[in-house]
Amino acid sequence: MTHMNCIYDLHTHTLESDGKYTPSELIEHAIQAGIDFLAITDHDTTSGLEEAYQATTNRSIKLIAGVELSVKWQEKNFHIVGLNVDPENKILSKGLEKHRQERELRAIKIGQRLEKYGIPGAYIGAKQLAGNNAVTRNHFARFLVDRGLAKNIRDVFKHYLVKSKPGYVKTNWTSMENGIHQIKSSGGIPVLAHPLRYRLTGSWMRKLLVAFKEAEGVGLEIVTGNCTADNMHTCAGYARRYGLSGSVGSDYHGHEKEGPQLGKLKNIPDDILPVWKQW
Ligand code: AMP
Ligand code: MN
Ligand code: MN
Ligand code: MN
């Protein structure tokens, strides 16, 4: 098979953060989906990678060690996917550890805020859904849906978990510059995740991309799960303009009914340098 015909999916989640499947289950699904290169990019943790590696033994699929880091820039939150990282690297692993502590503090505060609003037990409920792993807003969302307080996950976010809503809590994520530094220190490639999901105006988007590039960010997610051709061309335009390489990732969480499929992704335009040529 030529390199160009390979199927890449470089943004996925497992049970180690807010995905549905264990790392080995995800590897099985990815093989079924015909994926050649899969990056597992759990939120602020690399804890699923070891099990995933084991599951690829004697299989055709290649695992790329990844992580999805939450960062702050200009008081806004962004996600940076680190690809081909070294999970053993101290600078990265210390940064991730700090974020997991931050998640725990935030989860307690979200629980308290929801309790004041008349919804008790959310912290315990979300914590149970997360098991041994760090709590994400996705776990709170699932708890609230299970309680019948919202129709679906998207609705919970809209009514409870975003800015100026009853379950919103500001989180003290590390700066974008620091996040990029942590990923690069571990030998990884920092990629700005799902650029169109932040709902930025054109001028904020340009400012963000300038800052990302100045902080030595490298790639941009040009193709995301369920993105339109228009979306892709917009992102490809940003990559050309700011000299960034292109990545391709579904952001699969295992919930096919509500979210994207694994490995069902468009090809990036020919003139964009793919991130996988950089490792
Ligand atoms: P956190 O990192 O804890 O703030 O949680 C963010 C996660 O929640 C994302 O990675 C998504 O999985 C999920 N999420 C965020 N916003 C939405 C939304 N509007 N609808 C559905 N899921 C969302
Ligand atoms: Mn998520
Ligand atoms: Mn994300
Ligand atoms: Mn993600």
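Analyst: Donors are N, O and S atoms within 2.8 Å of the metal (3.2 Å for Na, K and Ca), and since water is not among the atoms, sites may look incomplete. This is a predicted model, in which local features need pLDDT of at least 70 and side-chain atom pairs count only at pLDDT 80 or more, while totals for chains, interfaces and linings use all residues. Residues are numbered from 1 along each chain as its sequence is written, chains are lettered from A and ligands numbered from 1 in the order in which they are written, and side-chain values use heavy atoms, with hydrogens and water left out.

User: What makes the atoms that coordinate the manganese ion (ligand 3) count as donors?

Analyst: Glu68 (OE), His79 (ND1) and His194 (NE2) coordinate this ion at 2.1 to 2.2 Å, and because the limit is 2.8 Å, these N and O atoms qualify as donors. Along the chain, the donors of the manganese ion (ligand 3) follow the spacing E-x10-H-x114-H.

User: Which residues coordinate the manganese ion (ligand 4)?

Analyst: The manganese ion (ligand 4) is held at 2.1 to 2.2 Å by His11 (NE2), His13 (NE2), Glu68 (OE) and Asp251 (OD).

User: Why is Glu68 called buried?

Analyst: Buried means under 20% relative accessible area, exposed over 50%, and partly exposed in between (1.4 Å probe, protein chains only). Glu68 has a relative accessible area of 1%, so Glu68 is buried.

User: How do you know that His194 and Asp251 are buried?

Analyst: His194 is at 6% relative accessibility and Asp251 has a relative accessible area of 7%, so both fall under 20% and count as buried.
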